[in-house]
Amino acid sequence: MNVRYTADPVRFERMSTEEVRQTFLIDTLFPEDRISMVYSDVDRAIVGSAVPATKPLSLASAPELRAETFCERRELGVLNIGGPGTVTVDGVEHPLAGRDGLYVGRGSKVVTFASDSARTPARYYLLSFPAHADHPTVRIRQSEAEPVRLGSSEGANQRTIHKLIHPGGARSCQLVMGFTVLEPGSVWNTMPPHTHERRMEVYLYFDLPAGGRVFHFMGRPEATRHLVVADGQAVISPSWSIHCGVGTGAYAFCWGMGGENQAFDDMDHLTLDQLR
């Protein structure tokens, strides 16, 4: 498990492009037949992936957790962005099609990931936070997720938000998670941007066009920087940072948050004239 220590806003403004990428960009996700994980000191989030191409994969604990099982003191959100597969939690099978999600509650002991086909393996995106309450493990199909349609074609930001894990859906301790899909011809996400001082957030970009990229903006509003992000890469966004992006074509991204509260609309909105 790779451990990341995040820079504060003052150091961030002095960092080179490579230092920003090494600190905030996760470009090691989705290797086949292994589980990859990054531990962030920001709200102790763990960002990971599991791609069981030719064999099932089991989620184990790590020395950094000092726990017998991964979910001993943690909750876990799963989003499948690949082919169909099954996640088994303590002997109970949860089939997941593409863009289906799963919440795995604290105290779950045995978690395994499998694919229906080696030709089109499941690609499981994982996001975990410490948990201080027990909630049941539950599958959330894309068709069951609460959709919110935002933006316009004129603003090139027409998109649909699908809420998976939130107080009005699958319950959790602190994890809030879902994904957003941009319509063809739309390229901007979260514009105008916002911050939320009470939560950190992780963005995973997926379903980009072949060779496509997203230019992800971050930093304090008065001192922004950008990351060039490829398909299947994630960005750690501290509470003090804006988070928005523009792509070379339409795409999707998974957003996941943890921190002080679970209020999806608890945002500190910004206007474009505040950005530098």
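Visitor: Before we start, when do two strands count as paired here?
Guide: This is a predicted model, and strand pairing in it is read from DSSP bridges. Two strands pair if DSSP finds at least two bridges between them.

Visitor: Okay, so which residue in β14 is the bridge partner of arginine 149?
Guide: Start with the strands: β13 covers 146-150 and β14 covers 159-165. They pair in the antiparallel sense, over five bridges. In β14, the bridge partner of arginine 149 is threonine 160.

Visitor: Which are the edge strands of the open sheet of seven strands?
Guide: The pairing in that sheet is antiparallel, and the order runs β2-β21-β18-β23-β15-β14-β13. An edge strand here pairs on one side only. That gives us β2 (25-26) and β13.

Visitor: What volume does the largest pocket have?
Guide: Its lining has 22 residues, and the closest to the centre are Ile161, Thr190, His194, Phe264 and Met267. Strands β13, β14, β18 and β23 each supply at least two residues of that lining. By class, the lining has eleven nonpolar, six polar and five charged residues. As for the volume of this pocket, it's about 320 Å³.

Visitor: Let's hop over to valine 20: buried or exposed?
Guide: Valine 20 sits in helix α2, residues 17-24. Leaving out residues up to four places away in sequence, valine 20 touches Phe12, Met15, Leu25, Met218, Arg225 and Leu227. The cut-off for buried is under 20% relative accessible area. Valine 20 has 1% relative accessibility, so the call is buried.

Technical notes. Residues are numbered from 1 along each chain as its sequence is written. This is a predicted model: local features need pLDDT of at least 70, side-chain atom pairs count only at pLDDT 80 or more; totals for chains, interfaces and linings use all residues. Side-chain values use heavy atoms; hydrogens and water are left out. On a 1 Å grid over the protein atoms alone, a cavity is a set of points where a 1.4 Å probe fits but cannot get out, and a pocket is an open set with protein on both sides within 12 Å along at least five of seven lines; lining residues have an atom within 4 Å of a point. Grid points are joined across faces, edges and corners, and a volume is the space filled by probe spheres set on the points. Helices (H or I, at least four residues) and strands (E, at least two) are DSSP runs, numbered from the N terminus. Ala, Val, Leu, Ile, Met, Phe, Trp, Tyr, Cys and Pro count as nonpolar, Asp, Glu, Lys and Arg as charged, and the others, Gly among them, as polar. Buried means under 20% relative accessible area, exposed over 50%, partly exposed in between (1.4 Å probe, protein chains only). Contact means heavy atoms within 4.5 Å.
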